[in-house]
Amino acid sequence: MDLENFSSKLLQEAVDEFAKLPGIGKKTALRLVLHLLNRDQEEVNQFGNTIIKLRNEIQRCRSCHVISDGELCPICADNNRDHSTVCVVENSRDVMAIESTHQYPGIYHVLGGIISPMDGMGPGDLNIQSLEEKVEAGQVNEIILALSTTMEGDTTNFFLYKKFRNHPVRITTLARGVAIGDDLEYADELTLGKSIQNRTLFENTLSSQ
Amino acid sequence: MLLKSLFLTHFKNYRQAEMEFSRKVNCLVGPNGVGKTNVLDAIYYLSMCKSYLNAVDQQNIHYDEEFAVLQGRFERLSKKESIYCSIHRSKKKQIKRNKKDYQKLSEHIGLLPVVMISPVDSVLISGGSEERRKYMDRVISQYDKDYLDKLIRYNRALTQRNRLLKEFARSGYFDTDSIDIWDEQMIQLAATIHQKRRSFTDELIPVFQRYYHTISGARENVGLAYRSQLHEDDFRKLLTQAIEKDRVLQHTTVGTHKDDLELTIDGHPIKKAGSQGQQKTFLVALKLAQFEFIQKVKKIPPILLLDDIFDKFDHQRVDQIIQLVSDQHFGQIFLTDTSEQRVKELLVDRQTDYRLFRVSTGGQVEQANN
């Protein structure tokens, strides 16, 4: 299929825009654009306006940097949540993942990335200063490090640990172990090894169920 | 452990081939270029999920076909294991154990241990230190997943640290905190890597020397030594001392990525002082030691693949090797040779069960005895 010579320049421009999205190739882009053309004009207007509005009005929470409609996100604004426990995550998607567990009563802190010189990310590019301010103001009792278990995640964890270890704050990290519902036979050796090393009291598993 | 049968489709020069094997010795004979080694490589592939000879998967497919399929029926600890592997020109390769897909190839590696002795091993002697590190890494990772994980992480941290050094040089700004966090990761990982390489070589060395002397008739004195900057000094101290140099060169000059195996004969490097026959004996002894090591860890004898092993050996050494490997503690053996006569002479009086396969042009295989 020759995508360079569309019958319409407008069509081609729209296809090019869609093809810039992750996971969308030229063929899929064309399918989406043609689909939009078959919909009501009003519907398509709404589609376009929603995206424009999203881009123009979206904010970052001034306290935790999560994507938010207002200056302060609903989680930080909620006085029923435990503001002395801060869960440090890489991005807003991680906040959504942990929120959907309904297990976490504390607040978050979004770093906006992890340390990786290969991707041009250094400690200075992350939202660390605002976390430091919170800790120094004495508002924080516990920091939960919830970054991915990659080399870069571990290194960022270590950087934060070094920064805050001399403050009166408990620093914890997510447990690594066998997934719920997994047969031990199929658990990978590394995870299983960690689970044996960091085993927990059976009593504690009773209360958490 | 043993391989009972092998079925090849479009693998290298084979269009289709089916072989039923002996529990003990299997010999593939025929002239150069008919595909004897490819059978050994297929067995290696089913065990390690990659070719011993060609790392590019697509090049292991018959040149005018789209895909290749390897199937092996194994017997491991009295249980049947059927392994299926397909290599496609445009798809990811697939390995199945008893018709069940693996999530990760690394889960399969180590299940069916093999040791290959091949003429390409000579790069261990002639090549750079990277080849010898790769050798250690390959053997240790086969039985120790934690080592493999730490090694991958170490290499990742090293790449990041080197990148940071380049970035410092470019921007002219140096920040100790940023480099420290990578140092800290590398120090922890290197400690495990260093310790595991050391205990591996410590165990390997005496076994290796024993095999060398058995094969050669105990004339020369051979040595194998693990060399690492971490023997001399604490890694943290080494990194601190080297930082100025690292900044100038823009890469990390100390660490386990500089380790080496020193191979010597009568105290001199074997690369310079050893004859071709001595070098080959050295490699065979090293591989047989590796065999014994894996057997000890896995508690099952690996399959031994001997590719063109008799070339360059005098009669006595050939005899010693055959004597050694037909011993009970070696399990199933596959070997290739150009001379049917030589193989028959070697095996006929030994009362060892063996099968002879004649391979001819175009990957035709015919079983020649019983």
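1. Helix H1(A) has a face turned away from its buried side, and that face carries the exposed residues Lys9(A) and Leu10(A). Exposed means over 50% relative accessible area, buried under 20% (1.4 Å probe, protein chains only). Helices are DSSP runs of H or I, at least four residues; strands are runs of E, at least two. The model is predicted: local features need pLDDT of at least 70, and side-chain atom pairs count only at pLDDT 80 or more. Residues are numbered from 1 along each chain, and side-chain values use heavy atoms.

2. The buried residues of H1(A), residues 9-19, are Leu11(A), Gln12(A), Val15(A) and Phe18(A). They lie on the same side of the helix because they cover an arc of only 125 degrees around the axis, taken from the directions from that axis to the C-beta atoms. Their cover includes helix H2 (26-38) and helix H3 (41-57) of chain A.

3. In chain B, six strands form an open sheet in the order E8-E12-E13-E3-E14-E15, with mixed pairing. Two strands pair if DSSP finds at least two bridges between them. E8 (114-117) and E15 (364-367) of chain B stand at the edges with a single partner strand each, so one side of each has no neighbour in the sheet.

4. Strands E3 (residues 25-29) and E14 (residues 354-360) of chain B run parallel, joined by five bridges. Val29(B) stands opposite Arg358(B) in E14(B).

5. Helix H11 (residues 340-348) of chain B packs on the sheet, touching E3, E13 (333-337) and E14 of chain B. Contact here means heavy atoms within 4.5 Å.

Technical notes
Chains lettered and ligands numbered in written order. Axes fitted to C-alpha atoms, helices over the stretch in contact; angles between N-to-C directions.
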